[in-house]
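Here are my notes on the structure, as numbered points. Please read them with the sequence and the 3D view side by side.

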Amino acid sequence: MIRTEGLKFSYPSASEVLRGIDLTIGDEEFVAIMGENGAGKTTLVKTFNGLLLPTSGRVTVDGVNTRESSVAQLSRDVGLVFQNPDHQLFSETVREELAFSLRNFGYGEDTIDRRVTSILETLDLSRYADSSPFVLSGGERKRVALAAVLVWNPKHIILDEPTIGQDYQQKDRLRNFILQLNTQGKTVITITHDVEFVAECKPRLILLSKGLVIGDGPAEDILSDEQLIEKASLARPQIGALMHELRDLGLSDRVIDVYSAEQAILGALGRRR
Amino acid sequence: MSLKVFDGFKFAKLPTPIHMMDPRAKFTMTMGLFVAALLFSNIYALIVIFLVQLPIVYAAKTWKKWAASMRAGLLLAVLIFAMNFVFGSTLVFSAAMTLRFISLMSAFSLFFMTTSPDDLGLALEQAHVPYTLSFTFTTAVRLVPTMALDAQTVIDAQRSRGLELDKGNFMKRIRNYIPILIPLIVSAIRRSIELAEALESRGFGASPNRQPLIVLRMKFTDYFVVAVTILLEALAVYVYLYVPLPSPNIPITMPKIFPWL
């Protein structure tokens, strides 16, 4: 469980980025964090593994105060995947890249080999095992960066903008993969600007604006709330917008994904499939 | 974090006489300090070179940032002192070399804190440096803060993967920086390629004759600063050549641990 209490944070020589955040993210929850640029999303998740310590208030991960632990210790449980893979890839081969964190955490070579092979398969990267990460395409590098964190099997996984630079099919796969991780018992926290992605996953949605939580609840509720959408510089997902337009026909505009929309429309037409 | 060192080289616009000075005059002044600091290895001379800068820092109202960059350079200063001392220099000479480093750092920090990259580019252009070169230079200066930001992100990303920078013996600690340096260099190269392509798409270098909108003009105070610098420099060279400077006689050295040196 990740919990923040009265979390405030400011960078030196800058105004307050997080201005008092109280959140509890339970184990095995699937959470999306959205909000305008500069709302404090990345800053917030950086406090979850101790990279940033609160200027006031506190953050606890499974009961441990992040002040009383090191980033390396916290990272074993909180895997943070950064937005830009180019900020972390450095090894000669993809295989070595994935082994890096396992070595840092002191795993034996046998375990390292086994885990790396398995994650390469899971993320469809096996054929690149011995390639340099630098010759891969942007989307592939992004998957390597993701694999580089999943490889040590952290309990809570944080993804900063995972869908950027992925083509439609990869995005679909990524969504299924994330949902699968979640059903396997991982806490998944993802920062994203992609409302369509959120609409299809329907996680708990936390809206940040100017360093404060302005909305927190099921994605359907948040993404159909006119005021919140406006405040957080979002837009309704397309299905949500369509249902909103059709609300005069007696359809609920809280519907945001294709499947539920289909059900609702067929229901309204008095038909069933 | 050692990245604070970049703050001391970041320009901020302030209405002080130092900021408003012509960049060429300021550059002459900085070069004067640079040459003088390299000329002397006498500790008294280096103390003077360091002290001369303090009123300028004061006039430029950059005490805080200057002090921060000095603090950030402290580790390197200590290293220089230790290296000199361990490898057989006297205490006084080691201190002098450290002071030389501090003076150089202070002089350049002062220059970059008070000179906008735009002014710098203009000055280079008017000195008939080819535009591509002056542009490269100003872009490099401009990218320093961005690179510092990148470096911080890379450090964060690798720490999140369990990297502990300050763990292990001396050699291990140096090796710890490989996962930081490689992504930093790679992303800098990627960025520069993108920048070059973007520039060319926008017609960079299309017309060989550029007409500057703003022309720098040296004012009386600027000429005055240049004259004073030249005078002081001449004095320094004279002292260096003809005046035997005293040196404190503290013959403390490390016991030789490397007998072959």
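1. Start with two helices of chain B that touch along their sides. Helix 3 of chain B contributes Ile43(B), Leu46(B), Ile47(B), Ile49(B), Phe50(B), Gln53(B), Ile56(B) and Val57(B) to this contact. Sorted by class, the contact between helix 3 of chain B and helix 5 of chain B holds 14 nonpolar residues, three polar ones and one charged one. Note that this is a predicted model.

2. Next, the geometry of this helix pair. Two packed helices are described by the angle between their axes and the distance between the axes. Here helix 3 (residues 43-59) of chain B and helix 5 (residues 91-114) of chain B pack at about 25°, and their axes are 9 Å apart. Angles under 35 degrees count as roughly parallel, so helix 3 of chain B is roughly parallel to helix 5 of chain B. The crossing of helix 3 of chain B and helix 5 of chain B is left-handed.

3. Now chain B as a whole. How many helices and how many strands are there in chain B? Chain B has ten helices and zero strands, so its elements, read from the N terminus, run α-α-α-α-α-α-α-α-α-α. Along the principal axes, the C-alpha atoms of chain B fill a box of roughly 65 × 55 × 35 Å. Chain B has 261 residues, and 28% of them count as buried. Of the contacts in chain B with a separation of 6 or more, 82% are between residues 24 or more positions apart.

4. Chain A contains sheets. One of them is an open sheet of four strands in the order 2-1-4-5, with antiparallel pairing. Strand 2 (16-25) and strand 5 (64-65) of chain A are at its edges with a single partner strand each, so one side of each has no neighbour in the sheet. Strand 1 (residues 2-10) of chain A pairs with strand 2 of chain A in the antiparallel sense, over seven bridges. To find this pairing in the view, look for Arg3(A), whose bridge partner in strand 2 of chain A is Thr24(A).

5. Another open sheet in chain A has six strands in the order 6-7-8-3-9-10, and its pairing is mixed. Which strands stand at the edges? They are strand 6 (78-81) and strand 10 of chain A; each has a single partner strand, so one side of each is left without a neighbour in the sheet. From one strand to the next, the twist averages 15°.

6. Strand 6 of chain A and strand 7 (residues 156-160) of chain A run parallel and are joined by four bridges. Leu80(A) has Ile158(A) in strand 7 of chain A as its bridge partner. By contrast, strand 9 (residues 204-209) of chain A and strand 10 (residues 212-218) of chain A run antiparallel, with six bridges between them. In this pair, Ser209(A) is bridged to Leu212(A) in strand 10 of chain A. Strand 9 and strand 10 of chain A form a hairpin with two residues between them, and Lys210(A) in the turn has a positive phi of about 45°.

7. Helix 6 (residues 168-183) of chain A lies across strand 3, strand 7 and strand 8 (187-191) of chain A, and runs at about 145° to strand 8 of chain A.

8. Two loop residues of chain A deserve a look at their backbone angles. Glu28(A) is not a glycine, yet its phi is positive, about 65°. Glu28(A) sits in the loop between strand 2 and strand 3 (30-35) of chain A. Ser233(A) is in the loop between helix 9 (226-231) and helix 10 (238-245) of chain A, and counts as partly exposed with 13 C-beta neighbours inside 10 Å.

9. Last, the contact between the chains. Chain A gives 20 residues to this contact and chain B gives 18 residues. On the side of chain A that touches chain B, helix 2 (71-75), helix 3 (94-104) and helix 5 (138-150) of chain A are the elements that give two or more residues. The residues on this side of chain A are twelve nonpolar, six polar and two charged.

Note on methods:
Residues are numbered from 1 along each chain as its sequence is written. Chains are lettered from A and ligands numbered from 1 in the order in which they are written. This is a predicted model: local features need pLDDT of at least 70, side-chain atom pairs count only at pLDDT 80 or more; totals for chains, interfaces and linings use all residues. Two residues are in contact if their C-beta atoms, placed from the backbone, lie within 7 Å. Ala, Val, Leu, Ile, Met, Phe, Trp, Tyr, Cys and Pro count as nonpolar, Asp, Glu, Lys and Arg as charged, and the others, Gly among them, as polar. Two strands pair if DSSP finds at least two bridges between them. Axes are lines fitted to C-alpha atoms, for helices over the stretch in contact, and angles run from 0 to 180 degrees between N-to-C directions. Angles under 35 degrees count as roughly parallel, over 145 as roughly antiparallel, 65 to 115 as roughly perpendicular and the rest as oblique. A crossing is left-handed if the near helix is turned anticlockwise from the far one by less than a right angle, and right-handed if clockwise. A residue is buried if 20 or more other C-beta atoms lie within 10 Å of its own, exposed if 12 or fewer, and partly exposed in between; C-beta atoms are placed from the backbone.
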